[in-house]
Amino acid sequence: MNARALFTVLACLFAVAAWADEQAGVRPDGTVTAASVAIPYSQFASPQARAFFPRMLAAGAQSPPLSAPIEQSRRFYDRLNSDRAARMRKLYPVTVRHETIAGVGADVVLPEQGVSAANRHRVLVNLHGGAFLWGAGSGGLVEAIPVASLGRIEVITLDYRQGPEHTFPAASEDVEAVYRKLLQTHRPSEIGIYGCSAGGILTGEAVARFIADKVPVPGAIGTFCGSLVTIAGDSAYVGPLLNGQGVPAEPLDLATLPYFHGIDASDPRVQPGLSPELLKHFPPTLLITGTRDMAMSSVVHSQTLLTEAGVEAELHVWEGMWHSFFSDPELPESRQAYRTIVAFFERHLAPPQEEAHP
C-alpha cells in the first residue's frame with residue numbers, strides 16, 4: 001500500500017471514529033447520543049406480556065395521528081376499547097346502567113355478585129383516558145369493570161367534556177358537579193376518584209379545583225400513567241424508544257393538546273405539582289406506571305412532590321409495561337394492577353358507620 005492509499009484509509013478510519021463519537025457519547029448539556037440501539041424486552045416481565053407486546057404495538061401503529069379528524073380517532077379507539085370491555089366482562093362480571101348525574105353522562109358499573117357490606121356506602125369515580133379527546137363510554141368501562149367486579153364496589157365512570165369541542169377547565173367543572181352531587185349522599189371520606197392517562201391528570205386537576213373551591217377532598221385518589229405534572233423527564237424520550245417509535249424531538253406536552261389550548265402551563269389547576277402549598281391538602285394517592293410508559297417520569301416525580309408535601313403517596317411501577325398497560329385484562333401484570341387499586345381504596349376509604357340504635 002503506497003503512502004497516499006494509507007493516508008486515505010487512515011483518514012476514513014478517523015472519520016468513522018469521529019462519527020461514532022458524535023453518535024454515541026454525552027454532550028456538555030447532558031444529552032446522550034447513540035448511533036444505534038437494540039434493547040431486548042425485559043426479562044422481568046411475564047411471558048404473556050412478552051408475547052403480547054409486539055401485537056400491542058402493531059395494533060397501536062394503526063391509530064390515527066393527533067392531527068386526524070376527531071371523529072376518526074373516536075371511532076378507532078371506541079372499537080379498540082369496546083373489544084377490551086367485552087373481554088373484561090367475561091372475566092369480571094358486572095351490570096352497567098347509563099345515567100345523567102348533575103348534567104353529566106355517566107355509566108354506573110356494579111359487580112354482578114353485589115356490592116360488599118364493607119363498600120355499601122363507598123363509591124369510586126373513574127375518569128377515563130384518551131388525551132382529553134376520546135375514551136367516553138367504552139374507554140371508561142375498560143377502567144371501571146375490573147375494579148367494580150374485583151373490589152365489589154360501585155364505580156361511576158364519567159363522560160366529561162372533551163376537546164376539541166371544549167377546553168380547560170370544562171372537564172374539571174364536570175367532575176366537581178358530579179362530586180358535589182355525591183356529597184349529598186356520601187361522606188367525602190367514602191368517595192374515591194381515579195383515572196388513567198388523561199384521566200390521571202384530570203384526577204389531580206379536579207382535586208386542585210375542589211381545594212380552590214373549598215370543597216372537602218375525597219378519601220383517596222389514584223393517578224395512573226399520568227399525574228400532577230406535564231409529561232417530561234427521561235421517560236418522555238426513552239418510553240417511545242422502548243415502544244419502537246424512536247426518540248421524539250420533543251415530548252408530548254399538555255399544552256399541545258387541543259383541550260388545553262390557550263392555557264397558562266404554570267397554573268396549578270393544570271399542573272397541581274407546581275404548587276407545594278396546594279399539594280399539602282391532597283388526600284392519600286396511589287400512583288401506577290410502567291417502565292416503558294412515556295409518562296413514567298411524570299408519575300415518579302409526582303410521587304416525590306406529594307411525599308415532600310407530607311401526603312401519603314404509594315407508587316407502583318411494573319417492569320416492561322407500557323402506557324395504560326392494564327387496559328388489556330389477560331396479562332398477569334394487569335391483574336396485579338387491579339388488585340393493587342382495589343386494596344388501596346379498601347385501606348383508605350372510610351369504613352361503614354355503625355348503625356344508630358334507639
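The structure is a predicted model, in which local features need pLDDT of at least 70, side-chain atom pairs count only at pLDDT 80 or more, and totals for chains, interfaces and linings use all residues. Residues are numbered from 1 along each chain as its sequence is written, and side-chain values use heavy atoms, with hydrogens and water left out.

Start with confidence. pLDDT is the predictor's confidence in each residue, from 0 to 100. The chain has a mean pLDDT of 91, and 91% of its residues reach 70 or more. Residues 1–22 are another matter: pLDDT stays under 50 there. For this stretch the model has 5 contacts beyond four places in sequence, a contact being heavy atoms within 4.5 Å. Where pLDDT is low, the predicted coordinates should not be read in detail.

Now go inside. In soluble globular proteins, nonpolar side chains tend to be buried together. A nonpolar core here is a set of buried Ala, Val, Leu, Ile, Met, Phe, Trp, Tyr and Cys residues joined through side-chain atoms within 4.5 Å. Buried means under 20% relative accessible area, exposed over 50%, and partly exposed in between (1.4 Å probe, protein chains only). The largest core has 54 residues. Among those with the most contacts inside it are L127, F132, F260 and F282. Helix α6 (residues 198–212) gives the most to this core, with 8 residues. Helices (H or I, at least four residues) and strands (E, at least two) are DSSP runs, numbered from the N terminus.

Look at F282. Leaving aside neighbours within four places in sequence, F282 is in contact with G204, V207, A208, I211, I221, L228, P272, L306 and V311.

Y237, V238 and V247 make a nonpolar patch of about 250 Å². Patches are made of residues with over 30% relative accessible area and no salt bridge; like charges are joined within 9 Å, nonpolar side chains (Val, Leu, Ile, Met, Phe, Trp, Tyr) within 5 Å. Y237 sits in helix α7 (residues 234–242). Its relative accessibility is 33%, so Y237 counts as partly exposed.

S138 lies in helix α4 (residues 138–151). S138 is buried, at 10% relative accessible area. Beyond four places in sequence, S138 touches Y77, D78, N81 and S82.

Last, the charges. Side chains of opposite charge can pair when their charged atoms come close. A salt bridge is a side-chain nitrogen of Lys or Arg within 4 Å of a carboxyl oxygen of Asp or Glu. The count comes to 16.

Take E71 and R74, with closest N and O atoms 3.5 Å apart. They are 3 residues apart in helix α3 (residues 70–91), so about one helical turn separates them. E71 is partly exposed at 41%, whereas R74 is buried at 18%.

D328 and R87 pair with closest N and O atoms 3.0 Å apart. D328 lies in the loop between β10 (313–322) and α10 (332–348) and R87 in helix α3, so the pair ties together parts 241 residues apart in sequence. D328 is buried, at 5% relative accessibility. D83, R84, R87, D328 and E330 are linked in a network of salt bridges.

E176 bridges to R209, the closest N and O atoms being 2.6 Å apart. This pair links distant parts of the chain: E176 is in helix α5 (residues 170–182), R209 in helix α6, 33 residues apart. Both E176 and R209 are buried.

How values were computed
Accessible areas come from the Shrake-Rupley method with a 1.4 Å probe; for residues, only the protein chains shown count as cover.
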